[in-house]
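Here are a few notes to go with your first look at this one.

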Amino acid sequence: MKRILKKLLLITALLVAVGMMLGASNAAEAKSKKLKTKTIKAGKSVNLRVKGEADWAISNTQVARMTVLSANMAKITGLQKGKTKVTAKVDGTLYKATIKVKASAKTGGNSSSQVEGLSSSPIPGSMDSEYILNTGQTVVGHYDDAFANNIIAKTNSYRSSSGCGSLGGNQALVEAARTRAAEAAVMFSHTRPNGQDYYTVGGTAASGYQDSPVYGENLAYGFDNAGETLDAWIDSPSHHANLVRSSFVTIGVAVLWVKQSDGTYTAYIAQEFGS
């Protein structure tokens with residue numbers, strides 16, 4: 001039986017940064033072919049197709065996100081007004097496309113006062129969805145509300161036995177936890193994939209993210225049930241401190257079962273606390 005690796009992340013743990021860039025020197029060596037410029041509105045998508053198996057890249061993930069549908073096709077979805085370049089390298093040929101994104105007529109484009117949310121696209125015939133981070137990165141999986149609610153119940157039971165008050169449910173924290181669980185699957189750190197700290201999630205740029213509902217966070221992955229998860233947090237001093245902190249009065253938890261390359265699933269767990 002394959003052993004499931006179980007890990008926790010301490011709030012003071014080593015931060016792991018991941019990123020990929022298309023090398024300029026490699027692009028210069030390849031034969032280039034320019035594709036037709038595509039113009040889409042924010043929230044709309046367009047598919048790009050080339051002949052042969054390609055290595056895809058996008059230059060500006062703030063303007064649009066890219067989902068590779070197959071070796072020769074990628075879907076580009078507009079996020080906000082601007083321009084981005086998409087490249088597809090096939091053997092010695094580099095195909096280049098320019099994507100122009102216009103502001104959505106309905107929303108007027110992204111607003112600094114707009115609370116960010118985790119966008120998703122259901123996968124037909126599957127319980128899974130594709131979840132899109134604000135960096136353009138994607139995660140495939142499904143949320144487990146029963147698992148999450150059990151963690152909340154066990155957390156409140158433990159707080160009661162420790163002489164602490166129960167934590168009330170908070171939908172804004174649940175939404176923040178859902179975002180953070182997906183982000184943890186991409187970058188397991190209290191630093192978010194976009195480089196911001198965890199306590200910016202659910203806030204707005206206009207306030208400098210000070211209106212985020214999150215004041216504390218516990219993360220975990222690889223556990224199969226709420227009891228194992230809570231026991232591990234209790235055994236960790238920094239996680240335990242969050243569990244019994246008297247200044248916390250609300251809670252939101254999300255468990256995202258993330259599909260792995262071999263078809264199995266790993267649970268990524270985010271527990272967010274509010275004051």
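**Notes on two residues and the whole chain**

1. Asp-91 is exposed, with 72% relative accessible area; exposed means over 50%, buried under 20%, and partly exposed in between, using a 1.4 Å probe and protein chains only. Keep in mind that this is a predicted model, where local features need pLDDT of at least 70, side-chain atom pairs count only at pLDDT 80 or more, and totals for chains, interfaces and linings use all residues. Residues are numbered from 1 along each chain as its sequence is written, and side-chain values use heavy atoms, with hydrogens and water left out.

2. Where does Asp-91 lie? Look in the loop between strand S8 (82-90) and strand S9 (93-102).

3. Now for Thr-155, which sits in helix H2 (residues 145-161). Thr-155 counts as buried, at 1% relative accessibility. Setting aside neighbours within four places in sequence, Thr-155 is in contact (heavy atoms within 4.5 Å) with Leu-167, Leu-230, Leu-243, Ile-251 and Gln-271.

4. On the chain as a whole: there are 5 helices and 16 strands. These are DSSP runs numbered from the N terminus, with helices being H or I of at least four residues and strands E of at least two.

5. How much of the chain is buried? Of its 275 residues, 43% count as buried. Among contacts between residues at least 6 apart in sequence, 63% join residues at least 24 apart.
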